[in-house]
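Please work through the exercises below with the coordinates at hand. Each task is followed by a stepwise solution.

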Amino acid sequence: QLQLVESGGGLVQAGGSLRLSCALSGNIFIINRMGWYRQAPGKQRELVARITSGGVTNYADSVKGRFTISRDNAKNTVYLQMNSLIPDDTAAYYCNALVIEGYFTNDYWGQGTQVTVSS
């Protein structure tokens with residue numbers, strides 16, 4: 001059973017920085033893509049950033065220039081460096097991995113880590 005374990009959330013003042021980490025463990029086949037999503041109270045879950053196994057990235061417009069996603073393929077770990085945080089970034093952040101397992105492609109999600117940005 002694959003498992004995603006997140007860390008790095010917390011409380012920070014506006015303008016500050018946080019770094020989220022997410023490690024995928026278990027009997028891993030091929031990781032296609034890893035990424036971060038977030039969900040604020042009363043809102044739908046939205047893509048923040050994602051990165052393919054080849055290093056291709058894409059970001060939500062709201063975080064471009066402030067957030068950077070990176071990946072360590074040897075450690076099956078993805079990171080999200082968040083700079084210049086604003087109160088609108090407050091949300092639960094969820095790690096996601098798209099894993100190719102034989103003939104199937106499966107989505108895995110972490111348990112979520114809370115990021116709170118105070119004004």
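The model is a predicted one, in which local features need pLDDT of at least 70 and side-chain atom pairs count only at pLDDT 80 or more, while totals for chains, interfaces and linings use all residues. Residues are numbered from 1 along each chain as its sequence is written, and side-chain values use heavy atoms, with hydrogens and water left out.

**Exercise 1. Confidence**

Task: State the mean pLDDT of the protein and find where confidence is lowest and highest.

Solution. Step 1: pLDDT is the predictor's confidence in each residue, from 0 to 100. The mean for the protein is 95, and 100% of its residues reach 70 or more. Step 2: strands are DSSP runs of E with at least two residues, numbered from the N terminus. Confidence is lowest in strand β10 (residues 104-109), with a mean of 92, and highest in strand β2 (residues 10-13), at 98.

**Exercise 2. The disulfide**

Task: Identify the disulfide, its handedness and the burial of its two cysteines.

Solution. Step 1: a disulfide requires two cysteine sulfur atoms within 2.5 Å; the count by this rule is 1. The partners are Cys-22 and Cys-95, with sulfur atoms 2.0 Å apart. Step 2: the torsion about their S-S bond is about -90 degrees, so the disulfide is left-handed. Step 3: Cys-22 belongs to strand β3 (residues 18-25) and Cys-95 to strand β9 (residues 91-101), 73 residues apart. Step 4: buried means under 20% relative accessible area, exposed over 50%, and partly exposed in between (1.4 Å probe, protein chains only). Cys-22 is buried at 0%, and Cys-95 is buried at 0%.

**Exercise 3. Salt bridges around Asp-89**

Task: Find the salt-bridge partners of Asp-89 and the network they belong to.

Solution. Step 1: a salt bridge places a side-chain nitrogen of Lys or Arg within 4 Å of a carboxyl oxygen of Asp or Glu; the structure holds 4. Step 2: Arg-38 pairs with Asp-89, the closest N and O atoms being 3.0 Å apart. Arg-38 lies in strand β4 and Asp-89 in the loop between β8 and β9, so the pair ties together parts 51 residues apart in sequence. Step 3: Asp-89 also meets Arg-66, at 2.7 Å from N to O. Arg-66 sits in the loop between β6 (57-59) and β7, 23 residues from Asp-89. Step 4: Asp-89 is buried at 1% relative accessibility, and Arg-66 is buried at 15%. Shared partners join Arg-38, Glu-46, Arg-66 and Asp-89 into one network.

**Exercise 4. Two single residues**

Task: Are Thr-77 and Gln-1 buried or exposed?

Solution. Step 1: Thr-77, in strand β8 (residues 77-82), is buried at 8% relative accessibility. Step 2: Gln-1, in the segment before β1 (3-7), is exposed at 86%.

Technical notes: Helix = DSSP H or I, 4+ residues; strand = E, 2+ residues; numbered from the N terminus.
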